[in-house]
Each structure stands twice: as structure tokens, then as C-alpha cells.
Amino acid sequence: MQASYDVVIIGGGIAGVSAALSCRSRGKSVAVIANGEETSSLYKAERIANYPGIPAASGKEICAVLSAQLAESGAELVRGRALSVTPIGAGFGVAVGSEFCGCAAVILAAGITREKLYPGEGEFLGRGVSYCATCDGMLYRGKTVAVVGGGEEAARDADFLESIGCTVLRFPQTARYEIRGGMKADTLVAGGEEHKVDGVFVIKDTVSVTRLVPGLAYENGGIVTDRMMRTSVPGVFAAGDCTGKPYQLAKAAGEGNVAALSACEYIDKKNK
Ligand SMILES: Cc1cc2nc3c(=O)[nH]c(=O)nc-3n(C[C@H](O)[C@H](O)[C@H](O)COP(=O)(O)OP(=O)(O)OC[C@H]3O[C@@H](n4cnc5c(N)ncnc54)[C@H](O)[C@@H]3O)c2cc1C
């Protein structure tokens, strides 16, 4: 995929879907990059009774309605994990695995990333630590790599790395890890035991938003925005739990709407 859109939305929870519907109603082309819906907070909620217009329902039931609305809206759903947002020309390039989506504006609707980096993960990112087997696997052909992650994606990536000739050491995401090295990462410490490796693939559902978008202001557990859901990076907007408390559906949906209208206005002004 090497497609271009007016708006790319990262996250397919209620904030992302709300933003997509409003962008579509303003006639914009939209891609929603989203992990599986089971990763959203809403999916995990047993019973939602305080969302206006919908009688008490389970999170899964509301997710099903949102999926159907998104499918009908004409927004493109790209299943996968957004890895980075890079300024390119007058817009942005969003990497999803080894693919790329171009766009004029980005809306971050990634929910809460409870992600804590492993010691050494940030320090060696790009120097022996990777988040993407498809992108970087070939660099480790014939070498030994660790894959840290418990989900299906981690298992798929580990299989892929083996298929291209890597020796793969698999580690669940739940244990304590530390990545050590010199110029490059060369050791994974797992439960106190040292494993010599040439690279470490850390495969999580989410990437912290500050790593997704370099230079993004982040405070008290949320992306800093103004009332129009503009972030500190021009052309990047944010909505939902990723902007901070309160973590509530109605707030997430409302912010998705405002972020969408602001993104559309931003694009229209640039196109004048
Ligand atoms: C158990 C529970 C009960 C709750 N009960 C209520 C309630 O009764 N009432 C209420 O109002 N609220 C309730 N909430 C809170 C509510 O569910 C959240 O506020 C709301 O769902 C947040 O929506 P969101 O779109 O911001 O984030 P999310 O629903 O978390 O969606 C974000 C999505 O983005 C995906 N994502 C993140 N990073 C990336 C990436 N790099 N690439 C691709 N996709 C990515 C995530 O995997 C996730 O699917 C509850 C939450 C929980 C967990």
C-alpha cells in the first residue's frame, strides 16, 4: 500500500470512529489505522449505561455498531499498528508495518497507552531494537534475534523471522526485560538471565504516542491539546483517552468530532 488520504486516523475506538464519520461527512478521504477492536477499552466494558442515545449495552455490542458505521462511511480501515508519523513535504507519512499512508493531517485516537518502556528499549531503538519484523527483519538474516511479545502478531513476526533465516528466541511480554549493549543492542536480560542476541524485536499492540510523533507535547498522562484538539505539532490532532482524563465514551466521541472538524478546516485553509 502506498496510498494518500486527506486524513489518517490512528486508532479505531470510539474517538477514531467518531473522527472518521465527521471527516467523511465533510467529504474528506480517510484511512483509519487500527489494531483489532478487541484491543479497545470499549470492547472490555461489560456494561455501558451513561452514553446518551444508546440504552445500556455491552462494550462489544457498541463496538459492533461502530464497526458497521465505519464500514458504511467510506473510510478505509487499515488493520495494523501505526509505527511512526513522519513529516513529508506539506503533509505526513504514516508507517504501518512495512506499508506507508500519506496524508495532509493526522488524528491520534490511540487510547491509553499503558506502555512502559523496558530499560534500554528507547536507548537502542533503531540500534538493534525494532518494532517491526517486516521492516527490519532482513537486517538480521542469519543472526540471532529475540522477539518480545505475547500476542498473535508477535508469534507471526517470530515465524516470519525464522522463515527468512534468523535464529529466534521467543519471550512473552509479561516478564521483566532489560536490553543492554554498546553501540548496538547485544544482550537481552530476561528474569536475570543474559541472552546474547544481534537484535531485539519488541512487538506490542501499541506504540507510545510520543514515539509515534516526535516533538508531541505530553503532560499528566495525556497529549496536550487546545479546545480545538490541536496538538503541539501543526497538522496533528488528538482525541479520546489519549488526551487524558476523564476516560469516558462521551468525551472520546465528542473530542473525535472536534478533532475531525479542526483537521478538515486545517486542510481547507492549506488548499486555498
Ligand atoms: C472495563 C472498562 C469499563 C468502562 N466503562 C465505561 C463506562 O461505563 N462509561 C464510559 O463512558 N466509559 C467507560 N470506559 C471508558 C471508555 O471505554 C473509554 O473512555 C473509551 O472507549 C476510549 O475510547 P478511545 O477511542 O479514546 O480509545 P480506545 O477505545 O482505547 O481505542 C483506541 C484504539 O487504538 C488502537 N491503537 C493504539 N495505538 C495504535 C497504533 N499505533 N496503531 C493502530 N491502532 C492503535 C488501540 O489498540 C485501540 O483499539 C470503560 C473502560 C473500561 C476498560
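**Ground rules**

I number residues from 1 along each chain, as its sequence is written. Because the model is predicted, I take local features only at pLDDT of at least 70 and side-chain atom pairs only at pLDDT 80 or more, while totals for chains, interfaces and linings use all residues.

I take helices (H or I, at least four residues) and strands (E, at least two) as DSSP runs, numbered from the N terminus.

**Entry 1: helix α1**

I started with α1, which covers residues 14–25. It has twelve residues and reaches 16 Å from its first C-alpha to its last. That is close to the 16 Å expected at 1.5 Å a residue. The expected span is 1.5 Å times one less than the number of residues.

Is α1 mostly covered or mostly open? I found ten of its twelve residues buried, so I noted α1 as mostly covered. I call a residue buried if 20 or more other C-beta atoms lie within 10 Å of its own, exposed if 12 or fewer, and partly exposed in between; C-beta atoms are placed from the backbone. The buried residues are I14, A15, G16, V17, S18, A19, A20, L21, S22 and C23.

G27 follows α1, and its phi is positive, near 80°.

**Entry 2: I14**

I picked I14, which lies in α1. I14 counts as buried because 30 other C-beta atoms lie within 10 Å. Which residues does I14 contact, leaving aside neighbours within four places in sequence? I listed L42, L66, G240, L249, A252, A253 and G256. Contact here means that the C-beta atoms of two residues, placed from the backbone, lie within 7 Å.

I also checked I14 against E255. They are 241 residues apart in sequence and 9.9 Å apart in space, C-alpha to C-alpha.

**Entry 3: helix α8 and its crossing with α1**

Next I took α8, residues 249–271. Its 23 residues should span 33 Å at 1.5 Å a residue, and its end C-alpha atoms are 33 Å apart, so the two agree. Buried in α8 are L249, A252, A253, E255, G256, A259, A260, S262, A263 and C264.

How do α1 and α8 meet? Their axes come within 7 Å and cross at roughly 35°. The axes are lines fitted to C-alpha atoms, for helices over the stretch in contact, and angles run from 0 to 180 degrees between N-to-C directions. The crossing is right-handed. That word applies if the near helix is turned clockwise from the far one by less than a right angle, and left-handed applies if anticlockwise.

From α1, the contact uses I14, A15, G16, S18, A19, S22 and C23. From α8, L249, A252, A253 and E255 are among the residues that take part. By class, I noted twelve nonpolar, five polar and one charged residues. Ala, Val, Leu, Ile, Met, Phe, Trp, Tyr, Cys and Pro count as nonpolar, Asp, Glu, Lys and Arg as charged, and the others, Gly among them, as polar.

**Entry 4: the ligand shell**

How many residues surround the ligand? I noted 33, and the closest are G11, G13, S40, G111 and G240. The shell divides into 16 nonpolar, 13 polar and four charged residues.

Most residues other than glycine have a negative phi, and most peptide bonds are trans. I looked for exceptions.

A cis peptide bond joins K245 and P246, with omega about 0°. P246 is in the loop between β16 (236–238) and α8.

N220 has a positive phi, near 45°. N220 sits in the loop between β14 (218–219) and β15 (222–223). N220 is exposed, because 7 other C-beta atoms lie within 10 Å.

M229 also has a positive phi, near 65°. M229 is in the loop between β15 and β16. Is M229 buried or exposed? M229 has 28 C-beta neighbours inside 10 Å, so I marked M229 as buried.

**Entry 5: F92**

Last, I looked up F92, in strand β5 (residues 91–96). F92 is buried, with 21 other C-beta atoms within 10 Å. Not counting residues up to four places away in sequence, F92 touches V85, T86, P87, C103, V106 and G235.

Methods. A residue is near a molecule or strand if its C-beta atom, placed from the backbone, lies within 6 Å of it.
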